[in-house]
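Welcome! Here are some exercises with worked solutions, meant to be followed with the structure open beside you.

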Amino acid sequence: MIYKNLKIIRPLISGPIRGWVILAVAGSILMAALDTLGVAAILPLMQVLTSGDTSTGVVGWFASALGTQDTQTLVVAMASFVAAAFVLKSSFAIAFRWWLLGRTTRFTAEASAELMNRYVLAPYAKHRIRKIPEIYRNIGASVPQAFNQVALGLLTLLSDILTLLALSIVLFVVSPLATLMAVGVLAFMSLVIQFLTRRGVTKAGEEIMAEDLVAWTSLIPGIDGFREARLSSSSWQFVERFRTAKLAVAHAQRKTTMFAELPKHMLEIAFIVAVIAMTLVLFATGTPEAALATLGVFAAASLRMLPTLNRLTATSAAVRSGAPGLQVLADIVDELDQDGYHEERITKSASYDGDIVLHEVTYRYDDAARPVLNHLNLTVEKGKTTALVGSSGAGKSTILDIVLGLQEPSSGTVTVGGAPIKTNLASWYDHIGVVPQEVFVINATLRANVAYGLRDDLIDDASIMSALKDARLDEFVEDLPEGLDTDLGERGVRLSGGQRQRLGIARALYRRPSYLILDEATSALDNVTESQITQTIESLRGHMTVIIVAHRLSTIKSADKIVFLEAGQVKSSGTFAELRAINSNFEDLVKIGQLS
């Protein structure tokens, strides 16, 4: 299952990784070989120290190579060789680990960015039903667990297993019976440890993922909804939920840490038992000199085997605790892939110019019993201002979403100058400016907010000021001590509701769109500012096509055409005066709004 999930999340990393994996495996093999070399070199040294024989075996070859039989010289030379072998092994281990961590941490960063990319390019219909805390949790927790704990852990396990296997082979050559006994005791204890901790580690990992989601669910409304939380005196409740979740995460992390450290102590006990049993076997089956030499080799091997065994069991626990995060990540990547992605870059430029025509458009939400729009036909004439009005649920916002390409009709077509918008959405977006009901303000300068998303070197200050003037924000800018460089604060805390809305208008106008769409863009404005913005909209007549959705009829009084929607269809349309004459429901709205 882990391997299958790793294959699913593989596309989160750009470029080939097979070569890197091959190098990682080769490095693990080389490190195991260097470990084995250092331990193997201990045996001839111990033979010289215990027996003084310098004429046979490896010692004899070594003495011949040095051209001396002097025991003291050979001991110094062989000890130096052993030391050099361990220095080489340790140096390579440090360098290899640095390289391995560099690549895996980079993979984590790339995967987090790519997962965010897939989220932001997901279909709007899918995004609107996703839970923001889950998105934050998946990017911030699932990705690190999948790569830092599972992927890196598996490579570490490979290295440790190869090292243990190589050392076991050396020890088996030295003393088969003693090695089988020691390896048997340690292997048995390792299996017992894995059996005892496996379910607990996995459950702890699942608890961390679940409670981390609860923490995000409590953090976002407490911080992002600061004003509402303050005014409703509910901040403490969000804090308590966050505290409870974080304490649960801490307890789960405590368990995973203990599960990782417990094997260390159990293996130390098993190792002592194995050494005692091995000593009895060696002295019972050989000479004291041979037994001491073999024990020396085992002692040297234990310096590598015991820490490696401890790390192996701890890494196994980390892999298991990270497996739930990997599963969550694999599931969401699979889901995002099935949903498809929006192409944000303009791959083929298209000139959208002409009337916007919605022909026989029907739209029904997946969870709705009846369609919001039902065989709707609507034409928005080029260069004119068209307003959409109607009661709540009439389909106004849905029409905007369809015109913007955020939602795709269940049936029917949307064309601009005869060209379908869905065939080249990125190019269509290059022609439009949108002012939403809720303008999102980033924690950056006024300049960066107007030029939303553009790099600093691509921003034209003259166009910024022109857009701010059209949005009636030029006087506001003059009063700012730092002008365009003024930081607006998190979520635009320095702006009033009207200023925020005018910022949205300036942002849309900065794009110099051919089509301007305003969704309740004047709802937060005072009467004077609304009148000024209305004048701005009127001045655009003939220069761009404007679509307005508004409940405040004073905003659309001078629109070229007002479309009255009812039950997802066009009930009637005309100028303000014409609509009053032919539609009693519209006349009632006018009277309620006290408009003459």
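**Exercise 1: Charged pairs along a helix**

Arg106 and Glu110 join their side chains in a salt bridge, with 3.3 Å from N to O. Keep in mind that this is a predicted model.

Task: Find where Arg106 and Glu110 lie, and decide how exposed Arg106 is.

Solution: 
- Step 1. Look along helix α5, residues 71-120: it holds both Arg106 and Glu110. The two are four residues apart, about one turn of the helix.
- Step 2. Check the exposure of each partner. Buried means under 20% relative accessible area and exposed means over 50%, with partly exposed in between. Arg106 has a relative accessible area of 49%, so it is partly exposed. Glu110, at 22%, also counts as partly exposed.

Task: Which residue meets Arg118 in a salt bridge, and is Arg118 buried or exposed?

Solution: 
- Step 1. The partner of Arg118 is Glu114, and their side chains meet at 3.0 Å, N to O.
- Step 2. Helix α5 contains both Arg118 and Glu114, again four residues apart, about one turn of the helix.
- Step 3. Arg118 has 9% relative accessibility, so it counts as buried. Glu114 has 23%, so it is partly exposed.

**Exercise 2: A salt bridge between loops**

Task: Where do Glu408 and Lys422 lie, and which parts does the pair tie together?

Solution: 
- Step 1. The side chains of Glu408 and Lys422 form a salt bridge, 4.0 Å from N to O.
- Step 2. Glu408 is in the loop between α12 and β4, while Lys422 is in the loop between β5 and α13 (425-429), so the pair ties together parts that are 14 residues apart in sequence.
- Step 3. Glu408 is exposed at 54% relative accessibility, and Lys422 is exposed at 59%.
- Step 4. The structure holds 15 salt bridges.

**Exercise 3: The sheet of four strands**

Task: In what order do the four strands of the antiparallel sheet come, and which are the edge strands?

Solution: 
- Step 1. Trace this open sheet across: the order is β2-β1-β4-β5, and the pairing is antiparallel.
- Step 2. The edge strands are β2 (373-380) and β5 (419-420), each of which pairs on one side only.
- Step 3. Next, look for the helix on this sheet. Helix α12, residues 396-403, packs there and touches β1 (356-363), β2 and β4. Its direction makes about 120° with that of β1.
- Step 4. Two bridges pair β4 (residues 411-416) with β5 in the antiparallel sense, and Thr415 has Pro420 of β5 as its bridge partner.

**Exercise 4: The sheet of six strands**

Task: What is the strand order in the sheet of six, and why is β8 described as largely enclosed?

Solution: 
- Step 1. Read across the open sheet: β6-β7-β8-β3-β9-β10, with mixed pairing. The edge strands, β6 (432-435) and β10 (569-574), each pair on one side only. From one strand to the next, the twist averages 20°.
- Step 2. Take the two neighbours of β8 in turn. Strand β3 (residues 385-390) runs parallel to β8 (residues 545-549), joined by four bridges. Here Thr386 stands opposite Ile547 and Leu388 opposite Val549.
- Step 3. Strand β7 (residues 515-519) also runs parallel to β8, with five bridges between them. Leu518 has Ile548 as its bridge partner.
- Step 4. Now check both faces of β8. Thr545, Ile547 and Val549 are buried on one side, as are Val546 and Ile548 on the other. Five of the five residues of β8 are buried, so the strand is largely enclosed by the rest of the structure.
- Step 5. Finally, find helix α20 (residues 584-592), which lies across β3 and β9 (561-566) and runs at about 110° to β9.

**Exercise 5: Surface and overall picture**

Task: Which residues form a nonpolar patch on the surface, and how many helices and strands does the protein have?

Solution: 
- Step 1. The patch consists of Leu165, Ile169 and Val173, which together have about 310 Å² of accessible area. Leu165 sits in helix α7, residues 132-174.
- Step 2. The protein has 20 helices and 10 strands. Of its 596 residues, 44% count as buried.
- Step 3. The protein exposes about 30300 Å², and carbon and sulfur atoms supply 60% of that area.

How values were computed:
Residues numbered from 1 in each chain as written. Predicted model: local features only at pLDDT ≥ 70, side-chain atom pairs only at ≥ 80, totals over all residues. Heavy atoms only, no water. Pairing = 2+ DSSP bridges. Axes fitted to C-alpha atoms, helices over the stretch in contact; angles between N-to-C directions. Contact = heavy atoms within 4.5 Å. Patch = residues over 30% accessible without salt bridge, like charges linked within 9 Å, V, L, I, M, F, W, Y side chains within 5 Å. Areas by Shrake-Rupley, 256 points an atom, 1.4 Å probe, with all protein chains shown as cover. Buried < 20%, exposed > 50% of the residue type's maximum accessible area, 1.4 Å probe, protein only.
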